[in-house]
Amino acid sequence: NLRFAAAWESRMESLYPGLTRPVLCGYRFYNQDVCTGALLIEVGNNRNTLQEALAACPVIAEALARVHRERVR
């Protein structure tokens with residue numbers, strides 16, 4: 001999952017520089033460990049408007065789709 005998350009973050013940065021923050025690894029688990037490829041993606045923060053967060057969703061989906069397609073091949 002870490003490799004998948006890092007690949008996604010790298011793709012996001014190549015498509016939209018500065019939009020993501022680095023992948024965090026910690027001692028907490030939020031079900032990402034349940035199955036291969038599971039990610040917890042947090043969109044926006046307290047400085048973003050709802051409209052900004054929603055506008056980021058298609059970008060996130062596109063990058064995830066590209067990474068997934070590359071891994072399936």
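Student: What should I keep in mind about the numbering and the model?

Tutor: Residues are numbered from 1 along each chain as its sequence is written. The model is predicted, so local features need pLDDT of at least 70 and side-chain atom pairs count only at pLDDT 80 or more, whereas totals for chains, interfaces and linings use all residues, and side-chain values use heavy atoms, with hydrogens and water left out.

Student: Which residues does glutamate 9 touch?

Tutor: Glutamate 9 lies in helix α1 (residues 2–15), helices being DSSP runs of H or I with at least four residues, numbered from the N terminus. With contact taken as heavy atoms within 4.5 Å, glutamate 9 touches Thr20, Arg21, Pro22 and Val23, not counting residues up to four places away in sequence.

Student: How should I read the span of helix α2?

Tutor: The expected span of a helix is 1.5 Å times one less than its number of residues. The 23 residues of helix α2 (residues 50–72) should therefore span 33 Å, and the end C-alpha atoms are 33 Å apart, which agrees.

Student: Where do the buried residues of α2 pack?

Tutor: An α-helix has 3.6 residues a turn, so residues three or four places apart point the same way. Buried means under 20% relative accessible area with a 1.4 Å probe, protein chains only; the buried residues of α2 are Ala53, Ala56, Val59, Ile60, Ala63 and Val67, and they pack against α1.

Key:
Helix = DSSP H or I, 4+ residues; strand = E, 2+ residues; numbered from the N terminus. Buried < 20%, exposed > 50% of the residue type's maximum accessible area, 1.4 Å probe, protein only.
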